Amino acid sequence: MKYRQLGNTDLEVSEVSFGTWGIGGDWGSSNDSDALRGLETAMEQGVNFFDTADVYGGGHAEELLAKATKGKEDKIHIATKFCRAGDIHDLNTYSEASIRSFCENSLKRLQRERIDLYQIHCPPFAILKDGRVFEVLDKLKAEGKIRHYGVSVETVGEGLYCVDVPGVSALQVIFNLFRQKPAEELFSAAHKAGVGLLVRLPLASGLLTGKFKADTTFSSNDHRNFNANGEAFNVGETFAGLPFAKGVELADGLSWIAEGRGDMARASMRWILDHQEVSCVIPGFKNVKQVEDNLGTLNVQSFSPEELERLRRYYENEVAEHIRGVY
């Protein structure tokens with residue numbers, strides 16, 4: 001395992017870390033025993049950072065992390081998120097009383113005294129500009145409830161705004177071969193400001209595994225079904241904002257990246273990690289096999305300048321025009 005510093009913080013995080021949306025819910029059925037074995041395998045392989053949220057399975061993902069990391073609290077870092085358990089457009093959701101309640105509930109589920117990275121969970125831009133949410137987070141940090149705080153953002157504009165907020169230590173962004181825009185300006189701005197970058201949805205909800213067909217279906221409790229067109233939340237969180245059938249077609253056009261790199265998933269994440277501004281990539285998982293497959297990214301060769309140019313042109317000429325949702 002290799003580690004990278006999370007911005008200017010005192011945290012060094014594993015290059016391949018893991019998100020827990022899949023084991024909490026909204027990705028179809030999951031099994032707690034499989035999830036716990038997956039978490040254990042990841043830690044045995046050197047993974048020291050996990051991302052979660054209070055709404056993943058209604059807090060269930062946090063509870064699973066508590067079980068898996070018991071006795072390892074000083075070695076295993078956890079990032080969690082808040083605000084989506086309330087009305088994200090209501091200023092009261094970001095009041096000191098509300099945020100303290102969200103924080104205490106997460107601490108209780110995580111069975112920890114402090115949250116390593118506490119993130120605002122994709123709030124409206126207006127909330128970020130209002131600024132009062134950051135004042136509350138500064139208080140929680142001063143009290144030792146949280147170690148650092150950051151923002152999970154939907155757009156480059158939100159990210160550029162947040163890197164100028166003094167207390168923000170990390171940004172969580174959607175970035176993958178189908179959504180390359182953050183690398184154009186945001187990455188350098190974050191690096192200059194000493195803000196770490198967590199990359200979520202690195203495989204575009206599975207499209208970049210190359211395993212889907214145009215007629216692939218998903219269960220009713222899987223966001224790839226109920227949010228395929230942005231019915232529940234930002235469409236960009238599902239298939240990178242691409243219409244599913246088009247995404248499958250575009251993924252087929254990238255099948256060449258697997259040559260000499262094992263498979264498309266590993267190659268896709270290698271491309272992300274080739275951006276040195278990135279602190280870590282946080283793919284999801286449901287079981288040991290998926291953990292091991294994702295960790296295989298660490299052994300994949302980087303892309304040549306010619307390959308990088310080919311991937312950039314493909315995004316600009318074939319992909320970008322089909323992306324839906326705020327970006």
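Mentor: The lining of the largest cavity has seven nonpolar, one polar and two charged residues. Here Ala, Val, Leu, Ile, Met, Phe, Trp, Tyr, Cys and Pro count as nonpolar, Asp, Glu, Lys and Arg as charged, and the others, Gly among them, as polar. This is a predicted model, in which local features need pLDDT of at least 70 and side-chain atom pairs count only at pLDDT 80 or more, while totals for chains, interfaces and linings use all residues. Residues are numbered from 1 along each chain as its sequence is written, and side-chain values use heavy atoms, with hydrogens and water left out.

The lining consists of Val153, Glu154, Thr155, Val156, Val173, Ile174, Arg179, Pro182, Leu186 and Tyr327. A cavity is a set of points, on a 1 Å grid over the protein atoms alone, where a 1.4 Å probe fits but cannot get out; lining residues have an atom within 4 Å of a point. The space in the largest cavity is about 70 Å³, and the structure holds one cavity of 30 Å³ or more. Such a volume is the space filled by probe spheres set on the points, with grid points joined across faces, edges and corners.

Two elements each supply at least two residues of this lining: strand E8 (168-174) and helix H8 (182-193). Helices (H or I, at least four residues) and strands (E, at least two) are DSSP runs, numbered from the N terminus.

The charged end of Arg179 sits over the ring of Tyr327, 4.1 Å from its centre. The criterion is that NZ of Lys or CZ of Arg is within 6 Å of the ring centre and within 35 degrees of the ring normal. Elsewhere, the charged end of Arg310 sits over the ring of Trp256, 4.0 Å from its centre.

Strand E8 also belongs to a sheet. Eight strands form this open sheet, in the order E3-E4-E5-E6-E7-E8-E9-E10, with parallel pairing. Its edge strands, strand E3 (18-19) and strand E10 (280-281), each pair on one side only. Two strands pair if DSSP finds at least two bridges between them. Strand E7 (residues 146-152) is joined to E8 by four bridges, and the two run parallel. Ser152 has Gln172 as its bridge partner in E8.

Terms used: 1 Å grid on protein atoms, 1.4 Å probe; cavity = no way out; pocket = protein on both sides within 12 Å on 5 of 7 lines; lining within 4 Å.
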